[in-house]
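Here is a short report on one helix and a few backbone angles. Keep the structure open as you read.

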Amino acid sequence: TTPVPEKEAGGFECSAGAAQYAIGQKASSELAGELLKKTGSRTLRWMPPRTAATMDFRNDRLNIAYDDSMVITQISCG
C-alpha cells in the first residue's frame, strides 16, 4: 500500500511562517492559542531562556522561545 501524506490524511503539520508576526510580543496563553491555530500545530513547547530542549523533531509542534521579560524571541516548528 502507498502511505497517505499526513496533510491529506487530516493530520497536523506546523507552519511557523504564519506566526512570525508574534516575535517581539509578550508571551501569553491567549497568544499561544492563536498561534497554534494559525500554524496548524497540534502541540506547543514553550522554550524559556537558558533552558535545554530535546532535539526530537515533531512536525506538529510549535516552539516558542522567550526572554526574561516574557517577550517572544523565536518561533519555529519541530
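## Ground rules

Helices (H or I, at least four residues) and strands (E, at least two) are DSSP runs, numbered from the N terminus. This is a predicted model: local features need pLDDT of at least 70, side-chain atom pairs count only at pLDDT 80 or more, and totals for chains, interfaces and linings use all residues. Residues are numbered from 1 along each chain as its sequence is written, and side-chain values use heavy atoms, with hydrogens and water left out.

Helix α1 spans residues 29–39. Its buried residues are Leu-31, Ala-32, Leu-35 and Thr-39. Down the axis of α1, these buried residues fall within an arc of 100°, so they line one face of the helix. That arc is taken from the directions from the helix axis to the C-beta atoms. Buried means under 20% relative accessible area, exposed over 50%, and partly exposed in between (1.4 Å probe, protein chains only).

An α-helix has 3.6 residues a turn, so residues three or four places apart point the same way.

What do the buried residues of α1 pack against? They pack against β1 (43–47), β2 (61–66) and β3 (72–77). Contact here means heavy atoms within 4.5 Å. The face turned away from the buried side carries exposed Ser-29, Glu-30 and Lys-37.

## Positive phi angles

Arg-50 is not a glycine, yet its phi is positive, near 60°. Arg-50 sits in the loop between β1 and β2. It counts as exposed, at 71% relative accessibility.

Met-70, also a residue other than glycine, has a positive phi near 65°. Met-70 lies in the loop between β2 and β3. At 35% relative accessibility, Met-70 is partly exposed.
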